[in-house]
Amino acid sequence: MKKWNLVLTLGLVFSLLASAMPASAEPYVSFTINQQGQFRLTQSAYLPVGVIDGHDMFGEEGAKEAERNSDFNISLDQPEDLFVDGRNHLFVADTGNGRVLELDERGNKVRVIGQGELDEPTGVYVDEAGVVYVADHGAGQVVIYDAAGKKIKAVGRPESLLFGKNNEFKPRKIVADKRGNLYIVGEGLIQGLAELSAEGDFLGYFGGNRTGFNLERAVQKLFFTKKQMSQLSQKLPPSPSNLAVDRDGLIYTATTGLDSNSVKKLNVAGDNLLGGRTFMSPSVADIAVDGMGNIFAVDSVNGYVFVYDKDGNMLFTFGSTDTGYQRLGYFKSPSGIAVNNNGILYVLDKERANIQMFKPTQFALLVYKAIGLYLDGKYVQSMEPWREVLRQNSMFDLAHVGIGLAYYKQGEYGKAFEELKFARNVNEYSNTYWELRRAWMMSHMSDILLGIAGAVVLWYIAKRLYRAKGFGAPVVHAVRRFRRIRIVSELLHTFRMLRRPFDGFYELENGRASVLSAVILLVVLAGVRLYEVFGTNFIFSGVDPLKVNVIGEVLKLIVPFFAWVLCNYLVSVINDGEGKFKDVFKGSVYALSPYLIFAVPITVMSKGLTLLESVVYDYSRQFIILWCVFLMIAMVKEIHGYEVKETFKNVAITLSGMVVMALIAFIFFGLSNQVWDFVRSIAEEVKYRV
């Protein structure tokens, strides 16, 4: 989450810098986030083209019309929701004025709905037949109007026991599906959206959020009694805060307070189809969906507008919080967002009581064109728009993904592989590699099996000839002499640690290994770690090798290692441990034998795996880690001559000592920086005064 906050902070900085530019300068920046979650500037995606804030949108003509017609006033008061129907008319839940206002595409007033009938309308939706659904939060009901604006009926709190005995019915937002069923965001309904039939019968809850894993709560459950747990505040999931529906009838929800998956696209079972592909703000106020399935979301705190494709990949982000410059493209407290059939985007600002209009730029239209062609199955035709996008912005990774997917659909897996690898799109890269691997194995599997069988047969024959005729004896003797070299024997002791760890540590303490061999293995360990960082398939590593700090990676390994050795030795001195410092050092290095031996093969193996086989890679690494932990514990027991209880006590105190050491180092470096700054400031003061 910190990474995403940094991204947004950078975007805000660029926006603030842009806001200080002359009036002719571009009012704000647009940016996106690539497949690795990195901040990328793009050409402007949307530009503000006007504002609807009462009767002054069209200058003097609007003012004159207002003077002639007292009913012309469309000034808003704390509006909370916005919807655009099939005719491109805007419907605004004008909460403070207790009405729903219908405007045309340019913001001219068409009519007022519910004046004198609504108490506190906070949500509005209009179906294909022109029926208007209003969530009247103040009155605790849903009010339905026909296409002429005549009230049909009001739906109050459901009588069903399934709704919940103590649940209040305070509807805030509403949509209806093609069957006429109502989906309602209710205040405090943590179970999810309340689903009602067209007649108002309660059908159940839909698309509720779930509480994530909480370490503190898990520890409390282990040690607290039931009575103590009952006295703690319950960890409840947040209720959805807004919703939308697309042309296919799929429901979308936005939830304020979720650090991830704050925007969801729900199937009929209520499962999220987006899967958290990219950053989603935890303070989304409203969402909208256009005809292509692109998702628009607006952030109520930071004022950003996010545009995602139908799969949840971020396309653009623009806008920001207005810090007093009163410029188009900035917001105070955005509360609603909608898009019409022509691609015009409307953003409702609750605090400013206005609606800003945005028009997509040629760059955005080019991206939408490419996406549209691909969705229509015109894969070849979609490639040229994507290439034009890359000509305009070579850092727009989604264009590489689009070209790669187009190649994939045409069966050109090699070209698709290169494009998707460049974009580092894990899912599609994995699918493409699966096809390439399948084709390669079909062509070469027979040769591989014959080669393996031939190697086994040759090995068997050579072994029999050696035993019967002494075939290859000079080579065997040379290998044995080489293995008897002291340093080589000490290095090969790592394999002994795998087969008989307790005997291995005993032999290590009695001269089977030296400090020199341990140092060599530690250097090899650093090399293995670097190979793992640079060589692991990016499907599993998530690391960009071009951005790896080699020294930093080595220090991440060496510093904790020596902290462990030092702390364990000091603790053992206090607790009557038998091991010397060099023994602890050697034992700790050799305890990492599983990593030294198997990390490289697993890294090589990762290059041939796809996401479907990720369990093989994950379990292999976890097994190595657990094996190393076991050997570390065995090392403490054997080197220091402890019993089992004393061993675990020593390990626990050692780990605590490492934490204390880290805190002391943090304080020391923090104070040293302050002292250095103090000395430097004194030196500069003396320099200027002398």
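Axes here are lines fitted to C-alpha atoms, for helices over the stretch in contact, and angles run from 0 to 180 degrees between N-to-C directions. I am working on a predicted model, in which local features need pLDDT of at least 70 and side-chain atom pairs count only at pLDDT 80 or more, while totals for chains, interfaces and linings use all residues. Residues are numbered from 1 along each chain as its sequence is written, and side-chain values use heavy atoms, with hydrogens and water left out.

**Entry 1: overview**

I began with the secondary structure and found 20 helices and 25 strands, where helices (H or I, at least four residues) and strands (E, at least two) are DSSP runs numbered from the N terminus. I then looked up burial: of the 690 residues in the protein, 46% are buried, with buried meaning under 20% relative accessible area, exposed over 50% and partly exposed in between (1.4 Å probe, protein chains only). For contacts (heavy atoms within 4.5 Å), I noted that, among those between residues at least 6 apart in sequence, 53% join residues at least 24 apart.

I list the buried residues as D583, V584, F585, K586, G587, S588, V589 and Y590.

Apart from its neighbours within four places in sequence, S588 touches F561, W564, V565, M632 and M635.

I then turned to the packing of helix α16 (residues 550–574) on α17, whose axes come within 9 Å and cross at roughly 135°. The two helices are therefore oblique to each other, given that angles under 35 degrees count as roughly parallel, over 145 as roughly antiparallel, 65 to 115 as roughly perpendicular and the rest as oblique. I recorded this crossing as right-handed; a crossing is left-handed if the near helix is turned anticlockwise from the far one by less than a right angle, and right-handed if clockwise. On the α16 side the contact is made by F561, F562, W564, V565, L566, N568 and Y569, and on the α17 side by F581, V584, F585, S588 and V589. By class, the contact of α16 with α17 has 10 nonpolar residues, two polar and no charged, where Ala, Val, Leu, Ile, Met, Phe, Trp, Tyr, Cys and Pro count as nonpolar, Asp, Glu, Lys and Arg as charged, and the others, Gly among them, as polar.

I also checked helix α14 (residues 515–535), whose axis comes within 9 Å of that of α17 and crosses it at roughly 40°. This pair is therefore oblique, and its crossing is left-handed. I find V515, S517, A518, V519, L521 and L522 of α14 meeting K582, F585, K586, V589 and Y590 of α17, and the contact divides into eight nonpolar, one polar and two charged residues.

I looked up helix α7 (residues 397–409) and helix α8 (residues 413–423), whose axes come within 8 Å and cross at roughly 160°, which makes α7 roughly antiparallel to α8. The crossing is left-handed, and the contact includes D397, H400 and V401 of α7 and Y413, K415 and A416 of α8. I count this contact by class as nine nonpolar, two polar and three charged residues.

In the loop between α8 and α9 (426–469) I stopped at R424, whose phi is near 55°, a positive value in a residue other than glycine. R424 counts as buried because its relative accessibility is 16%.

**Entry 2: nonpolar cores**

I looked up the nonpolar cores, each a set of buried Ala, Val, Leu, Ile, Met, Phe, Trp, Tyr and Cys residues joined through side-chain atoms within 4.5 Å. The largest has 80 residues, of which Y46, F316, L345, V367, W386 and F396 touch the most other members. Helix α19 (residues 614–640) supplies the largest share of this core, nine residues. For W386, leaving aside neighbours within four places in sequence, I noted contacts with V367, A370, I371, F396, L398, A399, G402 and I403. A second, separate core has 38 residues, among them V100, V124, V142 and L189.
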